[in-house]
Each structure stands twice: as structure tokens, then as C-alpha cells.
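Hi everyone, thanks for coming. I'd like to walk you through one model today, so let me put it on the screen.

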Amino acid sequence: MKKQLLFSLIAVAMLIFTGCAHVHPITACLSTNETPSGFWFGTWNGMTMAFSLIGNLFSDNITIYDINNNGIWYNTGFVGGLSIITTVIKMIVNILKAINN
């Protein structure tokens with residue numbers, strides 16, 4: 001029961017906070033001089049997302065997601081990079097647990 005209540009509160013809080021997000025027109029964020037970011041840059045951004053999030057708390061010049069991207073390939077790389085780093089962290093935690101037992 002407590003888990004369901006906690007999950008419900010988190011879900012409601014997420015909906016409230018995402019409703020407050022400000023949206024910028026995408027054309028204002030795109031640079032015509034730069035090549036759009038592709039799969040490998042998306043992979044790197046996915047792998048460094050946690051560090052980017054922390055940096056974004058202290059600087060407006062650091063972003064988590066590159067707006068100027070080539071679409072599905074960048075998104076695929078981003079999710080793949082996030083999956084890679086999550087899997088690596090999980091493996092390290094499991095190894096440390098096995099060593100301590």
C-alpha cells in the first residue's frame with residue numbers, strides 16, 4: 001500500500017513539474033552553421049547524461065539533450081548510451097556486492 005501511494009505521489013509530482021516546463025521554438029535553437037548531431041554523439045550524450053544533469057544545475061550553458069540532431073539516429077544513440085552506462089553501473093554494483101558477501 002505504501003509503495004502504491006509513493007508511486008502515485010511521484011507520478012503526480014512529475015506531471016505537475018512537466019506542466020511547468022517552458023517551450024522554446026526549435027528554430028531559435030538550431031544553428032545553420034553546425035552539422036546536426038548523429039548516432040555517436042547521441043550515444044555520448046546518453047552516457048554522460050547524469051554528469052550533464054548535475055552540471056546543468058550550476059550552469060545554463062550545459063544541456064542534457066542536443067536540440068540540433070538528426071532525429072531517430074540521435075535518439076537511438078541517446079537511449080543506447082543511457083542503457084550502456086546503466087548496465088555498467090549495475091554490473092559494478094553486483095560485483096561489489098559479490099565481493100562483500
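The chain has 5 helices and 0 strands, where helices (H or I, at least four residues) and strands (E, at least two) are DSSP runs numbered from the N terminus. Read from the N terminus, the elements go α-α-α-α-α. Please keep in mind that this is a predicted model, with local features needing pLDDT of at least 70 and side-chain atom pairs counting only at pLDDT 80 or more, while totals for chains, interfaces and linings use all residues. Residues are numbered from 1 along each chain as its sequence is written, and side-chain values use heavy atoms, with hydrogens and water left out.

How much of the chain is buried? Of its 101 residues, 15% are; buried means under 20% relative accessible area, exposed means over 50%, and partly exposed is in between (1.4 Å probe, protein chains only). The chain exposes about 8500 Å², with carbon and sulfur atoms supplying 71% of that; these areas come from the Shrake-Rupley method with a 1.4 Å probe, and for residues only the protein chains shown count as cover. Among contacts (heavy atoms within 4.5 Å) between residues at least 6 apart in sequence, 73% join residues at least 24 apart.

Now to helix H5, residues 72–100. Its 29 residues reach 42 Å from first C-alpha to last, close to the 42 Å expected at 1.5 Å a residue; that expected span is 1.5 Å times one less than the number of residues. Which residues of H5 are buried? Tyr74, Gly77, Phe78 and Gly81 are, and their cover includes helix H3 (39–47) and helix H4 (49–58). A handy reminder here: an α-helix has 3.6 residues a turn, so residues three or four places apart point the same way.

Beyond its neighbours within four places in sequence, Met47 is in contact with Gly81, Leu82, Ile84 and Ile85. From C-alpha to C-alpha, Met47 is 7.6 Å from Phe78, though they are 31 residues apart in sequence, and 7.0 Å from Ile84, 37 residues away in sequence. Met47 is partly exposed because its relative accessible area is 27%.

Ile84, in helix H5, is partly exposed too, at 41%. Together with Val88, Ile92, Ile95, Leu96 and Ile99, Ile84 forms a nonpolar surface patch of about 550 Å² accessible area. Patch residues have over 30% relative accessible area and no salt bridge; like charges are joined within 9 Å, and nonpolar side chains (Val, Leu, Ile, Met, Phe, Trp, Tyr) within 5 Å. A salt bridge, for the record, is a side-chain nitrogen of Lys or Arg within 4 Å of a carboxyl oxygen of Asp or Glu.

Last stop: Ser37, in the loop between helix H2 (26–29) and H3. Why does Ser37 count as buried? Because its relative accessible area is 11%. Leaving out neighbours within four places, Ser37 is in contact with Asp66, Asn68, Asn69, Asn70 and Tyr74.
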